Structures are given as C-alpha cells and as structure tokens.
Amino acid sequence: MWLLAQQSVSKGIAWKGKSNAGRDGAVLACFWKSRDHLRCVSGGADRTIKEWDMSKGYCLQTIMCGSTCFDVCMSFDGSTVISGHFDGSLRLWDYRTGAFERDIKGLHGSQLVSIQMGLLGNALLTCGRDNLLKLVDIQKHVERGQWTLDETGLHVAAARRNQIIFPVA
C-alpha cells in the first residue's frame, strides 16, 4: 500500500509480500479513520473485522463477527464500526472495545455488500445482491426507504475479489 505523505510503501496490510497478512481469508473491505490516517479497519472472508496500525504494520484488535464481512465504515465521531455481511445483516461495533452493539438482521434478502455513510453522519445507504438500495437511520436503527434497481433497468454488479458495488445498465 502506498502512503502519499511519506512517498513510500506502507508496512501495513500488504507487507511481507502478502496482500492479506494477518488474515485467514481475503480482505474484502478497508476503511481509513478520517482523524487518524495511520489507522484503518478491514473486513474479510475470515469473518473478522480488524483494526490496523499502518505505521507499524500491526493488527491492534480483532472482532469476531460471525459472517463474511463485505464492507466496513465508521461513524463520523470514530466511536462505532459499521459492517455489512454475507447474511444480509448490518452490524454495529464499539470501536474502542470491539464489543457488539446491535444489528439489523436480514436488512437485505441476500449479501449486504456495500455501505456508505451519509454526509451528515446520521444515515447509511446500503446495497445488497438483492438489487436493493436501502437508507438506514443510524441513530434509530431503522430502515427509512428502499429503491429497487430492477425498476430502473439497472442491477448490482460486483467482482469476486472487489466488492465495490455500483449500479450498471
């Protein structure tokens, strides 16, 4: 991984010639903390979420999440890790302790593969392999709206190793 500020290769997740060092499966998502550019969280096929110190290349914390984690993001204040999973659920974790906070089970009828925090930090947009986009109120933990991509002639596309989701014609 290239660090722009240092103009050098990071010792982090991609060190020692391995793209998934410290994991038992593929890394499917990575989210950089906005306030600390040397820390990130990653989700993977090994059913874990990991916090990394990229300056040292160390895994600081591992959260056992019970389902393949396709995407991760963090709340604006950095206190909560939010993850999207193979079982269609959205889960919230305490960043400091790694403790499970709550989940919205079966938010999607299929894999929940993409999550994006809204600009104000109070809503998430999720995308699943069920061709639905869902808006979730992150404070009240309820769904606020949904859109079916089938109605527009679009569908969800994702590669096996790259779970970035976007609607395609």
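**Briefing on the predicted model**

H85 is buried, with a relative accessible area of 0%.

**H85 and its surroundings**

- H85 belongs to strand β8, which covers residues 80–85.
- The side chain of H85 forms a polar contact of 3.3 Å with the side chain of R91.
- Not counting residues up to four places away in sequence, H85 touches C65, S67, T68, C69, F70, R91, Q111 and L112.

**Strands β7 and β8**

- Strand β7 (residues 69–74) is largely enclosed by the rest of the structure, because 6 of its 6 residues are buried.
- β7 and β8 run antiparallel and are joined by 5 bridges.
- Within this pairing, V72 stands opposite S83 of β8.
- The two strands β7 and β8 make a hairpin with 5 residues between them. In the turn, G78 has a positive phi of about 80°.

**The open sheet β3-β4-β5-β6**

- An open sheet is formed by 4 strands in the order β3-β4-β5-β6, with antiparallel pairing.
- At the edges of this sheet are β3 (27–32) and β6 (58–64), each of which pairs on one side only.
- On average, neighbouring strands of this sheet are turned by 20° against each other, direction ignored.
- In general, strands of a sheet pair through backbone hydrogen bonds, in either a parallel or an antiparallel manner.
- The antiparallel pairing of β3 with strand β4 (residues 39–44) extends over 5 bridges. F31 has V41 of β4 as its bridge partner.
- S42 also lies in strand β4. The residue is buried, with a relative accessible area of 0%.
- The side chain of S42 makes a polar contact with the side chain of W52 at 2.8 Å.

**Nonpolar cores**

- The largest nonpolar core has 12 residues, namely C73, I82, L90, L92, I104, L107, L112, I115, M117, L124, V136 and I138.
- β9 (90–94) and β11 (112–117) each supply at least two residues of this core. The largest share, 3 residues, comes from β11.
- Leaving aside neighbours within four places in sequence, L90 is in contact with I82, S83, R102, D103, I104, L107, L112, I115, L124, T126 and V136.
- A second, separate core of 11 residues includes A29, I49, I63 and V81.

**Cysteines**

- How many disulfides does the structure hold? The number is 0.
- C59 takes part in no disulfide, and the nearest cysteine sulfur, that of C40, is 9.7 Å away.
- C59 is partly exposed, with a relative accessible area of 33%.
- The cut-off applied to a disulfide is a pair of cysteine sulfur atoms within 2.5 Å.
- C73 is buried, with a relative accessible area of 2%, and is one of the residues of the largest nonpolar core.
- As a general point, a disulfide is a covalent bond between the sulfur atoms of two cysteines.

**H141 in the loop between β13 and β14**

- H141 is located in the loop between β13 (132–137) and β14 (142–148).
- Is H141 buried or partly exposed? H141 is partly exposed, with a relative accessible area of 22%.
- The side chain of H141 has a polar contact of 3.2 Å with the side chain of R102.
- The side chain of H141 also reaches the backbone oxygen of I138, at 3.2 Å.
- Apart from neighbours within four places in sequence, H141 is in contact with L92, R102 and I104. Both L92 and I104 are listed in the largest nonpolar core.
- H141 and D103 are 38 residues apart along the chain, and their C-alpha atoms are separated by 8.1 Å.

Conventions. Residues are numbered from 1 along each chain as its sequence is written. This is a predicted model: local features need pLDDT of at least 70, side-chain atom pairs count only at pLDDT 80 or more; totals for chains, interfaces and linings use all residues. Side-chain values use heavy atoms; hydrogens and water are left out. Buried means under 20% relative accessible area, exposed over 50%, partly exposed in between (1.4 Å probe, protein chains only). A polar contact is a pair of N or O atoms within 3.5 Å; within protein, one must be able to donate a hydrogen and the other to accept it, and residues adjacent in sequence count only if both atoms are side-chain atoms. Contact means heavy atoms within 4.5 Å. Two strands pair if DSSP finds at least two bridges between them. Axes are lines fitted to C-alpha atoms, for helices over the stretch in contact, and angles run from 0 to 180 degrees between N-to-C directions. A nonpolar core is a set of buried Ala, Val, Leu, Ile, Met, Phe, Trp, Tyr and Cys residues joined through side-chain atoms within 4.5 Å.
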